[in-house]
Amino acid sequence: MIKTPVCDLLDIRYPVLQGGMAWIADAELAAAVSNAGGLGIISAMNAGGDWVREQIRKAKSLTEKPFGVNIMLASPHVEEVAQIVAEEKVAVVTTGAGNPSKYMKLWLDAGIKVVPVVASTAMAKLVVRNGASAVIAEGGESGGHVGELTTMVLVPQVCDVVDVPVIAAGGIADGRGVAAAFYLGAAGVQMGTAFLVAKECNVHQNYKDKVLKAKDIDTMTTGRRLGHPVRVLKNPFSREYGQKEYDSSISDAQLDQMGAGALRRAAVEGDVQRGSFMCGQIAGMIHEERSAAEIITSIMTQTEQILAGGCPWLK
Amino acid sequence: MSTLDKVVEILVEAKDLEADKITEASTWDDLGLDSLDTVELVMNMEDAFGISLEMTEDMKTVGDVVKAIDAAK
């Protein structure tokens with residue numbers, strides 16, 4: 001059995017967090033992951049407070065176990081949503097797309113464990129100083145908004161500068177990845193793409209099918225020109241967007257406009273031509289739609305087998 | 001050494017910038033620095049000056065940083 005400080009800290013059976021995927025990670029997915037022994041996470045994305053409160057209450061009705069909410073710090077509703085998670089006293093808040101320092105006191109005072117996603121060692125140090133219980137070191141293999149560093153490089157360096165548990169994210173979807181993350185110094189993992197195809201995930205079936213079909217080379221990053229790179233599946237939309245980033249006749253505003261609503265078109269409408277299918281590089285290794293419980297137990301069983309076997313090269 | 005000089009020294013040392021291109025009016029953008037660079041730099045400033053800085057959205061220029069450091073001293 002695998003037990004790490006992340007299990008004790010977050011009161012979960014397996015040290016596995018489900019990534020907060022905008023337009024994808026809702027109360028039903030979060031509750032399914034929490035019921036399976038991981039930590040499910042609702043994505044607050046760009047949504048308003050009413051929707052977030054409704055999702056939190058729905059998750060509470062679906063599971064007795066702790067779950068989290070991911071706060072996207074660049075959201076226009078971030079102030080309101082930050083307040084609502086404090087009022088609802090969710091167990092855990094994870095944050096993405098920025099520096100959460102401004103809200104940390106509010107959450108800590110509400111008894112919430114704050115676990116920010118960090119893409120650099122300096123950010124990790126900053127959030128820990130401000131009271132973070134753990135950090136998620138997310139490499140650029142992941143889907144959606146990505147940093148420059150890879151998981152392999154980022155995780156051990158973050159482990160070296162903070163004294164709280166580090167959760168590795170980006171490029172993990174099987175026991176080999178989890179075992180590797182442990183060897184890099186992490187005490188837990190966060191997986192997004194792996195749970196996107198969970199049976200309990202309400203994302204459009206076309207989205208799941210694209211992830212299940214994806215091969216190793218089927219993702220790309222777009223958005224560097226606007227300073228917010230995102231990893232997405234290659235499709236007519238992302239290829240065209242990628243080309244326009246290098247087209248000086250297109251203004252930044254036009255480019256921004258082109259991206260607006262594209263994730264929704266993918267996740268809700270399943271528009272395979274015009275949608276933006278955010279997805280991690282690990283999609284190439286995900287071939288099966290399974291329940292959240294099957295995903296977690298199969299991955300953790302494989303992890304145990306690998307760790308119990310030690311390293312085959314050690315003579 | 002003035003606060004500005006010390007801040008410029010830190011910027012030059014950490015990011016290989018050219019000192020004579022940095023003024024109080026320089027923004028992070030002007031210097032080609034992204035949000036992760038700025039977090040790292042603010043941490044460097046804290047260590048160098050032995051202070052604690054609140055990173056806010058108003059901290060856009062080198063001059064803003066100098067002001068924040070002087071206020072925190």
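**Domain and chain contacts in the predicted model**

Between domain 1 of chain A and domain 2 of chain A, about 1,700 Å² of area is buried, with carbon and sulfur atoms giving 65% of this area. On the side of domain 1 of chain A, 30% of the area buried against domain 2 of chain A is supplied by Trp23(A), Thr193(A) and Leu196(A), more than by any other three residues. The model is a predicted one. In the domain assignment of chain A, domain 1 comprises 5–199 + 288–309, and domain 2 comprises 205–282. The C-alpha centres of these two domains of chain A are 23 Å apart. Contact between them involves 21 residues of domain 1 of chain A and 20 residues of domain 2 of chain A. The count of salt bridges between domain 1 of chain A and domain 2 of chain A is 2. Arg224(A) and Glu148(A) form a salt bridge through their side chains, at 3.6 Å from N to O.

Within chain A, the packing of helix H11 (residues 236–244) against helix H12 (residues 252–259) was examined. The axes of H11(A) and H12(A) come within 11 Å and cross at roughly 170°. Because angles over 145 degrees count as roughly antiparallel, H11(A) is described as roughly antiparallel to H12(A). From H11(A), the residues that meet H12(A) are Phe237(A), Glu240(A), Tyr241(A) and Lys244(A); their partners in H12(A) are Leu255(A), Met258(A) and Gly259(A). By class, this contact of H11(A) with H12(A) has 4 nonpolar, 1 polar and 2 charged residues.

The interface of chain B and chain A was treated in the same terms. Here 9 residues of chain B are in contact with 9 residues of chain A. The area buried between chain B and chain A is about 740 Å², and carbon and sulfur atoms give 64% of that area. Leu36(B), Val39(B) and Met43(B) supply 62% of the area that chain B buries against chain A, more than any other three residues. Across this interface of chain B and chain A, 1 salt bridge is found. Arg129(A) and Glu46(B) form a salt bridge in which the closest N and O atoms are 2.1 Å apart.

Over all chains, the structure holds 21 salt bridges. One of the salt bridges joins the side chains of Glu79(A) and Lys102(A), at 3.0 Å from N to O. Glu79(A) lies in helix H4 (residues 78–88) of chain A and Lys102(A) in helix H5 (residues 101–109) of chain A, so this pair ties together parts that are 23 residues apart in sequence.

How values were computed. Residues numbered from 1 in each chain as written. Chains lettered and ligands numbered in written order. Predicted model: local features only at pLDDT ≥ 70, side-chain atom pairs only at ≥ 80, totals over all residues. Heavy atoms only, no water. Axes fitted to C-alpha atoms, helices over the stretch in contact; angles between N-to-C directions. Helix = DSSP H or I, 4+ residues; strand = E, 2+ residues; numbered from the N terminus. Parallel < 35°, antiparallel > 145°, perpendicular 65-115°, else oblique. Contact = heavy atoms within 4.5 Å. Nonpolar A, V, L, I, M, F, W, Y, C, P; charged D, E, K, R; others polar. Domains from an automatic or database assignment. Buried area = accessible area lost by both parts, 1.4 Å probe. Salt bridge = Lys/Arg side-chain N within 4 Å of Asp/Glu carboxyl O.
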